[in-house]
Amino acid sequence: MDDDRSTTLTDAELVLLTRRGHLQAYAVLFERHLPLVRAAARRFVRASEVDDLVAEAFAGTFHQLVRGRGPTTSIRAYLLTAMRHEAARRAGRDRRLVLVDDVETWRRPSVDTAGGTDEDHVAEAFRLLPLRWQRVLWQLEVEGLRPRDLADELGMSANAVSALGRRARAGLRRAYEGRTDHLDAAV
C-alpha cells in the first residue's frame, strides 16, 4: 500500500487493511484520529496523563483489529469509547490508592491481638478462597489485567469475568473478617 493512496481510503477500508496485517493502514488511522481522541481525553484526565490514555486507546483498538475483533466501520466511535473506558478504569484504580505522608509508617506491619500481621491475615483469607476466585483476583488486582484480557482464557465474557472478580473481592473481604460460611458453596 503506497502512502499517497492510503490517505484517500475510507476508515472502513483502512480497518480492513489493518485486519489483514497492513501496519501502514493503522498508522493512517492513527494520524487521522489522533487530534480528536487527544482533545476528548483532556476532558477525562490530567494533562500529564493524556498521552498515556490516548496511547492505550489506540493500542487496545489495534490489538482488537489484528485479532479480527473490534470495529468494522466507525473506528472513531470505537476509539473514543476505548479511551473513555480506559479513563474510567484508571479513575477506579486511583480511587483505591491510599496516599500517606510517611512511607515507612505505612510499611510497618500492624500487629493484632492474636499476634499475626495484617499481611498474614490477608494471605490466610486469600488461601481460603476457591482456586478460581484466587486466580481471578490475582490476575485482576496483582497482574493488573482487565476482564477483557481474561475473557478468552477463562471461556467467559468480559462482563462475566468482571462479575466473578466482584464476587471474589467480596469473598476475600468476608474471609478476612472471619466469615467463611459462604466459601463452601462458592464456585
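Start by selecting Phe58: leaving aside residues up to four places away in sequence, Phe58 touches Tyr26, Leu29, Phe30, His33, Leu34, Val37 and Leu79. Keep in mind as you look around that this model is predicted.

Now widen the selection. Phe58 is among the residues with the most contacts inside the largest nonpolar core, along with Tyr26, Val37, Val54, Ile75 and Met83. That core has 25 residues. Colour helices α2 (11-19), α3 (23-41), α4 (50-66) and α5 (75-95), the elements that each give it two or more residues. The most come from α3, which supplies 8. Apart from this core lies another, of 12 residues, including Trp133, Leu137, Leu150 and Ala151.

Next, turn to the charged side chains. The model has 12 salt bridges. Select Arg38 and Asp51, whose side chains meet at 3.3 Å, N to O. Arg38 sits in helix α3 and Asp51 in helix α4, so this pair ties together parts 13 residues apart in sequence.

Then pick Glu86 and Arg146, another salt bridge, at 3.7 Å from N to O. Here Glu86 belongs to helix α5 and Arg146 to the loop between α8 (131-142) and α9 (147-154), 60 residues apart. Are these two buried or exposed? Glu86 is buried, at 3% relative accessible area, and Arg146 is buried too, at 14%.

Finish at Arg135 and Glu153, a salt bridge whose closest N and O atoms are 2.4 Å apart. Arg135 is in helix α8 and Glu153 in helix α9, so the pair ties together parts 18 residues apart in sequence.

How values were computed
Residues are numbered from 1 along each chain as its sequence is written. This is a predicted model: local features need pLDDT of at least 70, side-chain atom pairs count only at pLDDT 80 or more; totals for chains, interfaces and linings use all residues. Side-chain values use heavy atoms; hydrogens and water are left out. A nonpolar core is a set of buried Ala, Val, Leu, Ile, Met, Phe, Trp, Tyr and Cys residues joined through side-chain atoms within 4.5 Å. Buried means under 20% relative accessible area, exposed over 50%, partly exposed in between (1.4 Å probe, protein chains only). Helices (H or I, at least four residues) and strands (E, at least two) are DSSP runs, numbered from the N terminus. Contact means heavy atoms within 4.5 Å. A salt bridge is a side-chain nitrogen of Lys or Arg within 4 Å of a carboxyl oxygen of Asp or Glu.
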